[in-house]
Amino acid sequence: MNLLWDVRVSLDLFLGGLGVGAFLVGVVLYYVDAKAYEGFVKKSFMVAPLLVIAGLLLLLTELGRPLNVIKTIYAINPTSFMSIGIFLQSAFVAVALLIAFKVLTSGVSALSSKIVYAGAVLAGLVGLYHGFLLSGIAKEPWNNAIPVIFFVSSILSGASLMVLFNLESLENLVARFKLPLIINMVLTLELAAVFAWVYNLALTTASSKHAYDVLISSFSMEFWVLSILMGLIAPLAIFTLVILNKLSLRTVAIPTFSIIVMGSFFLKNLVVYLGQAV
(Lines give C-alpha, C1' and ligand atoms only; values in the text may rest on other atoms or scores of the structure.)
Protein backbone atom coordinates (compact mmCIF):
# COMPACT_ATOMS: atom_id res chain seq x y z
CA MET A 1 0.00 0.00 0.00
CA ASN A 2 1.44 3.37 -1.05
CA LEU A 3 0.57 5.72 1.83
CA LEU A 4 0.58 9.50 1.63
CA TRP A 5 -0.12 9.93 5.37
CA ASP A 6 0.92 7.79 8.32
CA VAL A 7 -0.55 7.36 11.79
CA ARG A 8 0.47 10.90 12.80
CA VAL A 9 -2.41 12.29 10.71
CA SER A 10 -4.79 9.88 12.49
CA LEU A 11 -3.40 10.99 15.85
CA ASP A 12 -3.83 14.65 14.89
CA LEU A 13 -7.49 14.03 14.04
CA PHE A 14 -7.96 11.96 17.20
CA LEU A 15 -6.17 14.28 19.67
CA GLY A 16 -7.66 17.38 18.05
CA GLY A 17 -11.11 15.78 18.32
CA LEU A 18 -10.51 14.91 21.97
CA GLY A 19 -9.54 18.52 22.63
CA VAL A 20 -12.60 19.86 20.84
CA GLY A 21 -14.93 17.48 22.70
CA ALA A 22 -13.29 18.25 26.06
CA PHE A 23 -13.56 21.98 25.48
CA LEU A 24 -17.20 21.85 24.37
CA VAL A 25 -18.34 19.76 27.34
CA GLY A 26 -16.56 22.28 29.55
CA VAL A 27 -18.44 25.09 27.78
CA VAL A 28 -21.80 23.38 28.37
CA LEU A 29 -21.11 22.98 32.10
CA TYR A 30 -19.74 26.54 32.29
CA TYR A 31 -23.03 27.94 30.99
CA VAL A 32 -25.17 25.53 33.04
CA ASP A 33 -23.55 26.31 36.39
CA ALA A 34 -19.92 27.45 36.39
CA LYS A 35 -19.73 27.51 40.18
CA ALA A 36 -21.14 24.03 40.75
CA TYR A 37 -18.93 22.46 38.08
CA GLU A 38 -15.86 24.63 38.55
CA GLY A 39 -13.45 21.69 38.90
CA PHE A 40 -14.78 19.93 35.78
CA VAL A 41 -14.79 23.14 33.73
CA LYS A 42 -11.27 24.03 34.86
CA LYS A 43 -9.87 20.65 33.81
CA SER A 44 -11.70 20.78 30.47
CA PHE A 45 -10.33 24.21 29.59
CA MET A 46 -6.80 23.23 30.60
CA VAL A 47 -6.70 19.86 28.85
CA ALA A 48 -8.29 20.97 25.55
CA PRO A 49 -5.50 23.20 24.15
CA LEU A 50 -2.81 20.69 25.18
CA LEU A 51 -4.49 17.92 23.19
CA VAL A 52 -4.97 20.09 20.09
CA ILE A 53 -1.35 21.31 20.28
CA ALA A 54 -0.10 17.72 20.57
CA GLY A 55 -2.09 16.76 17.48
CA LEU A 56 -0.87 19.79 15.55
CA LEU A 57 2.76 19.01 16.36
CA LEU A 58 2.32 15.45 15.12
CA LEU A 59 0.68 16.72 11.92
CA LEU A 60 3.48 19.22 11.28
CA THR A 61 6.19 16.59 11.74
CA GLU A 62 4.31 14.36 9.31
CA LEU A 63 4.14 17.15 6.73
CA GLY A 64 7.94 17.43 6.93
CA ARG A 65 8.25 21.23 7.11
CA PRO A 66 6.90 22.26 10.53
CA LEU A 67 8.22 25.83 10.32
CA ASN A 68 5.90 26.45 7.38
CA VAL A 69 3.03 26.71 9.88
CA ILE A 70 4.06 30.32 10.58
CA LYS A 71 3.62 31.17 6.92
CA THR A 72 0.36 29.20 6.75
CA ILE A 73 -1.20 31.24 9.58
CA TYR A 74 -0.91 34.58 7.78
CA ALA A 75 -0.92 33.40 4.15
CA ILE A 76 -4.25 31.55 4.15
CA ASN A 77 -5.18 29.73 0.96
CA PRO A 78 -9.02 29.76 0.92
CA THR A 79 -9.09 26.83 -1.51
CA SER A 80 -6.96 24.60 0.72
CA PHE A 81 -8.66 22.74 3.60
CA MET A 82 -5.22 22.15 5.12
CA SER A 83 -4.44 25.89 5.12
CA ILE A 84 -7.86 26.81 6.54
CA GLY A 85 -7.57 24.06 9.12
CA ILE A 86 -4.16 25.14 10.41
CA PHE A 87 -5.46 28.71 10.71
CA LEU A 88 -8.61 27.56 12.55
CA GLN A 89 -6.69 25.28 14.89
CA SER A 90 -4.12 28.00 15.61
CA ALA A 91 -6.90 30.50 16.37
CA PHE A 92 -8.64 27.98 18.63
CA VAL A 93 -5.37 27.16 20.44
CA ALA A 94 -4.70 30.89 21.01
CA VAL A 95 -8.17 31.46 22.52
CA ALA A 96 -8.09 28.18 24.48
CA LEU A 97 -4.66 29.00 25.94
CA LEU A 98 -5.93 32.44 26.97
CA ILE A 99 -8.90 30.80 28.71
CA ALA A 100 -6.65 28.20 30.36
CA PHE A 101 -4.31 30.94 31.62
CA LYS A 102 -7.25 32.93 33.01
CA VAL A 103 -8.66 29.83 34.70
CA LEU A 104 -5.29 29.00 36.27
CA THR A 105 -4.57 32.49 37.53
CA SER A 106 -8.03 33.84 38.43
CA GLY A 107 -10.45 30.90 38.45
CA VAL A 108 -13.45 29.95 36.34
CA SER A 109 -15.62 32.75 37.76
CA ALA A 110 -13.28 35.37 36.28
CA LEU A 111 -13.79 34.13 32.71
CA SER A 112 -15.57 36.34 30.20
CA SER A 113 -18.58 34.52 28.76
CA LYS A 114 -17.89 36.22 25.41
CA ILE A 115 -14.40 34.69 25.24
CA VAL A 116 -15.80 31.28 26.19
CA TYR A 117 -18.43 31.65 23.46
CA ALA A 118 -15.75 32.58 20.91
CA GLY A 119 -13.78 29.50 21.97
CA ALA A 120 -16.87 27.31 21.56
CA VAL A 121 -17.45 28.60 18.01
CA LEU A 122 -13.83 27.96 17.06
CA ALA A 123 -13.94 24.51 18.70
CA GLY A 124 -17.01 23.63 16.65
CA LEU A 125 -15.36 24.79 13.43
CA VAL A 126 -12.20 22.81 14.21
CA GLY A 127 -14.30 19.73 14.98
CA LEU A 128 -16.03 20.00 11.60
CA TYR A 129 -12.77 20.79 9.82
CA HIS A 130 -11.29 17.42 10.84
CA GLY A 131 -13.89 15.69 8.66
CA PHE A 132 -13.85 18.24 5.85
CA LEU A 133 -10.07 17.83 5.57
CA LEU A 134 -10.74 14.33 4.24
CA SER A 135 -14.04 14.89 2.45
CA GLY A 136 -12.41 17.67 0.43
CA ILE A 137 -10.22 15.04 -1.23
CA ALA A 138 -11.73 12.98 -4.04
CA LYS A 139 -11.69 9.57 -2.36
CA GLU A 140 -14.77 7.34 -2.16
CA PRO A 141 -14.41 6.48 1.57
CA TRP A 142 -13.91 10.18 2.42
CA ASN A 143 -17.42 11.21 1.39
CA ASN A 144 -19.79 13.77 2.91
CA ALA A 145 -20.65 11.49 5.86
CA ILE A 146 -17.15 11.82 7.32
CA PRO A 147 -17.51 15.34 8.85
CA VAL A 148 -20.60 14.19 10.79
CA ILE A 149 -18.98 10.91 11.87
CA PHE A 150 -15.78 12.64 13.01
CA PHE A 151 -17.55 15.48 14.80
CA VAL A 152 -19.88 13.20 16.77
CA SER A 153 -16.94 10.89 17.56
CA SER A 154 -14.96 13.89 18.86
CA ILE A 155 -17.82 14.96 21.14
CA LEU A 156 -18.20 11.40 22.46
CA SER A 157 -14.50 10.82 23.08
CA GLY A 158 -13.80 14.28 24.53
CA ALA A 159 -16.76 14.09 26.91
CA SER A 160 -15.77 10.55 27.93
CA LEU A 161 -12.19 11.61 28.62
CA MET A 162 -13.33 14.46 30.84
CA VAL A 163 -15.71 12.18 32.76
CA LEU A 164 -12.72 9.90 33.41
CA PHE A 165 -10.81 12.93 34.74
CA ASN A 166 -13.77 13.93 36.95
CA LEU A 167 -15.10 10.69 38.39
CA GLU A 168 -15.81 12.48 41.67
CA SER A 169 -18.56 14.42 39.79
CA LEU A 170 -20.13 11.30 38.30
CA GLU A 171 -23.10 11.01 40.66
CA ASN A 172 -23.91 14.70 40.25
CA LEU A 173 -23.77 14.40 36.45
CA VAL A 174 -26.03 11.35 36.51
CA ALA A 175 -28.56 13.00 38.81
CA ARG A 176 -28.71 16.29 36.93
CA PHE A 177 -28.21 15.26 33.30
CA LYS A 178 -29.12 11.55 33.17
CA LEU A 179 -25.68 10.98 31.72
CA PRO A 180 -26.10 7.34 30.51
CA LEU A 181 -29.23 8.33 28.56
CA ILE A 182 -27.50 11.27 26.86
CA ILE A 183 -24.41 9.19 26.03
CA ASN A 184 -26.61 6.45 24.57
CA MET A 185 -28.43 8.95 22.37
CA VAL A 186 -25.12 10.21 20.98
CA LEU A 187 -23.78 6.66 20.55
CA THR A 188 -26.93 5.77 18.59
CA LEU A 189 -26.48 8.84 16.38
CA GLU A 190 -22.87 7.85 15.70
CA LEU A 191 -23.88 4.26 14.88
CA ALA A 192 -26.53 5.51 12.45
CA ALA A 193 -24.03 7.84 10.75
CA VAL A 194 -21.43 5.07 10.41
CA PHE A 195 -23.90 2.58 8.94
CA ALA A 196 -25.23 5.24 6.54
CA TRP A 197 -21.62 5.75 5.41
CA VAL A 198 -21.12 1.99 4.88
CA TYR A 199 -24.49 1.65 3.12
CA ASN A 200 -23.53 4.51 0.81
CA LEU A 201 -20.21 2.84 0.01
CA ALA A 202 -21.82 -0.53 -0.67
CA LEU A 203 -24.55 0.64 -3.04
CA THR A 204 -23.70 3.93 -4.75
CA THR A 205 -21.14 3.37 -7.53
CA ALA A 206 -18.69 0.76 -8.75
CA SER A 207 -15.76 2.61 -7.18
CA SER A 208 -17.58 3.02 -3.86
CA LYS A 209 -18.42 -0.69 -3.97
CA HIS A 210 -14.70 -1.35 -4.37
CA ALA A 211 -14.03 0.78 -1.27
CA TYR A 212 -16.67 -1.21 0.60
CA ASP A 213 -15.03 -4.49 -0.47
CA VAL A 214 -11.63 -3.24 0.77
CA LEU A 215 -13.22 -2.15 4.07
CA ILE A 216 -14.80 -5.56 4.66
CA SER A 217 -11.88 -7.66 3.41
CA SER A 218 -8.81 -5.73 4.64
CA PHE A 219 -10.08 -3.71 7.62
CA SER A 220 -12.72 -6.00 9.12
CA MET A 221 -10.99 -6.27 12.50
CA GLU A 222 -10.49 -2.49 12.79
CA PHE A 223 -14.04 -1.79 11.64
CA TRP A 224 -16.28 -4.45 13.16
CA VAL A 225 -14.36 -5.31 16.35
CA LEU A 226 -12.44 -2.18 17.40
CA SER A 227 -14.60 0.61 16.00
CA ILE A 228 -18.16 -0.78 16.04
CA LEU A 229 -18.31 -3.54 18.66
CA MET A 230 -15.82 -2.12 21.18
CA GLY A 231 -16.22 1.61 20.55
CA LEU A 232 -19.99 1.88 20.04
CA ILE A 233 -22.11 -1.24 20.65
CA ALA A 234 -20.44 -2.40 23.90
CA PRO A 235 -20.81 0.99 25.66
CA LEU A 236 -24.35 1.31 24.26
CA ALA A 237 -25.25 -2.08 25.79
CA ILE A 238 -23.53 -1.30 29.12
CA PHE A 239 -25.24 2.08 29.50
CA THR A 240 -28.57 0.44 28.64
CA LEU A 241 -28.05 -1.97 31.56
CA VAL A 242 -27.19 1.03 33.77
CA ILE A 243 -30.41 2.79 32.73
CA LEU A 244 -32.33 -0.41 33.58
CA ASN A 245 -30.59 -0.48 37.01
CA LYS A 246 -28.91 -3.79 36.19
CA LEU A 247 -25.43 -2.27 36.61
CA SER A 248 -23.91 0.52 38.67
CA LEU A 249 -22.43 3.31 36.56
CA ARG A 250 -19.63 3.84 39.07
CA THR A 251 -18.61 0.17 38.66
CA VAL A 252 -18.41 0.28 34.87
CA ALA A 253 -17.50 3.93 34.30
CA ILE A 254 -13.74 3.59 33.83
CA PRO A 255 -13.72 0.68 31.31
CA THR A 256 -16.78 1.95 29.43
CA PHE A 257 -15.67 5.55 28.95
CA SER A 258 -12.16 4.27 28.14
CA ILE A 259 -13.35 2.06 25.27
CA ILE A 260 -15.35 4.97 23.84
CA VAL A 261 -12.12 7.01 23.71
CA MET A 262 -10.15 4.13 22.17
CA GLY A 263 -12.93 3.37 19.68
CA SER A 264 -12.79 6.96 18.44
CA PHE A 265 -9.11 6.57 17.59
CA PHE A 266 -9.62 3.23 15.82
CA LEU A 267 -12.52 4.61 13.76
CA LYS A 268 -10.63 7.72 12.62
CA ASN A 269 -7.45 5.73 11.94
CA LEU A 270 -9.48 3.23 9.89
CA VAL A 271 -11.04 6.00 7.79
CA VAL A 272 -7.64 7.66 7.16
CA TYR A 273 -6.05 4.39 6.00
CA LEU A 274 -9.08 3.13 4.03
CA GLY A 275 -9.10 6.28 1.92
CA GLN A 276 -5.46 5.73 1.02
CA ALA A 277 -5.97 2.03 0.28
CA VAL A 278 -8.48 2.47 -2.56
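Trainee: How are α7 and α8 oriented to each other?

Mentor: Two packed helices are described by the angle between their axes and the distance between the axes. In this predicted model, the axes of α7 and helix α8 (residues 179-203) cross at roughly 75 degrees and come within 7 Å. The two helices are therefore roughly perpendicular. Angles of 65 to 115 degrees receive that name, under 35 is roughly parallel, over 145 roughly antiparallel, and the rest oblique. Axes are lines fitted to C-alpha atoms, for helices over the stretch in contact, with angles running from 0 to 180 degrees between N-to-C directions. Helices are DSSP runs (H or I, at least four residues) numbered from the N terminus.

Trainee: Which residues of α7 and α8 meet?

Mentor: From α7 come Leu 170, Leu 173, Val 174 and Phe 177, and from α8 come Leu 179, Pro 180 and Ile 182. Contact means heavy atoms within 4.5 Å. The residues of this contact comprise seven nonpolar, no polar and no charged. Here Ala, Val, Leu, Ile, Met, Phe, Trp, Tyr, Cys and Pro count as nonpolar, Asp, Glu, Lys and Arg as charged, and the others, Gly among them, as polar.

Trainee: How many salt bridges does the structure hold?

Mentor: Side chains of opposite charge can pair when their charged atoms come close. The structure holds five salt bridges, each being a side-chain nitrogen of Lys or Arg within 4 Å of a carboxyl oxygen of Asp or Glu. One of them joins Arg 8 to Asp 6, with the closest N and O atoms 2.7 Å apart. Arg 8 is partly exposed at 26%, and Asp 6 is partly exposed at 25%.

Trainee: Where in the chain do Lys 43 and Glu 168 lie?

Mentor: These two side chains form a salt bridge, at 3.5 Å from N to O. The pair links distant parts of the chain, 125 residues apart: Lys 43 is in helix α2 (residues 38-63), and Glu 168 is in the loop between α6 (146-165) and α7 (170-177). Lys 43 is partly exposed at 31%, whereas Glu 168 is exposed at 56%.

Trainee: How many residues apart are Lys 209 and Asp 213 in helix α9?

Mentor: They are four residues apart in α9 (residues 206-218), so about one helical turn separates them.

Trainee: Is Ala 96 buried or exposed?

Mentor: Ala 96, in helix α4 (residues 81-106), is buried, at 0% relative accessibility. Beyond its neighbours within four places in sequence, Ala 96 contacts Phe 23, Phe 45 and Pro 49.

Trainee: What conventions apply to these values?

Mentor: Residues are numbered from 1 along each chain as its sequence is written, and side-chain values use heavy atoms, with hydrogens and water left out. Local features need pLDDT of at least 70 and side-chain atom pairs count only at pLDDT 80 or more, while totals for chains, interfaces and linings use all residues.

How values were computed: Buried < 20%, exposed > 50% of the residue type's maximum accessible area, 1.4 Å probe, protein only.
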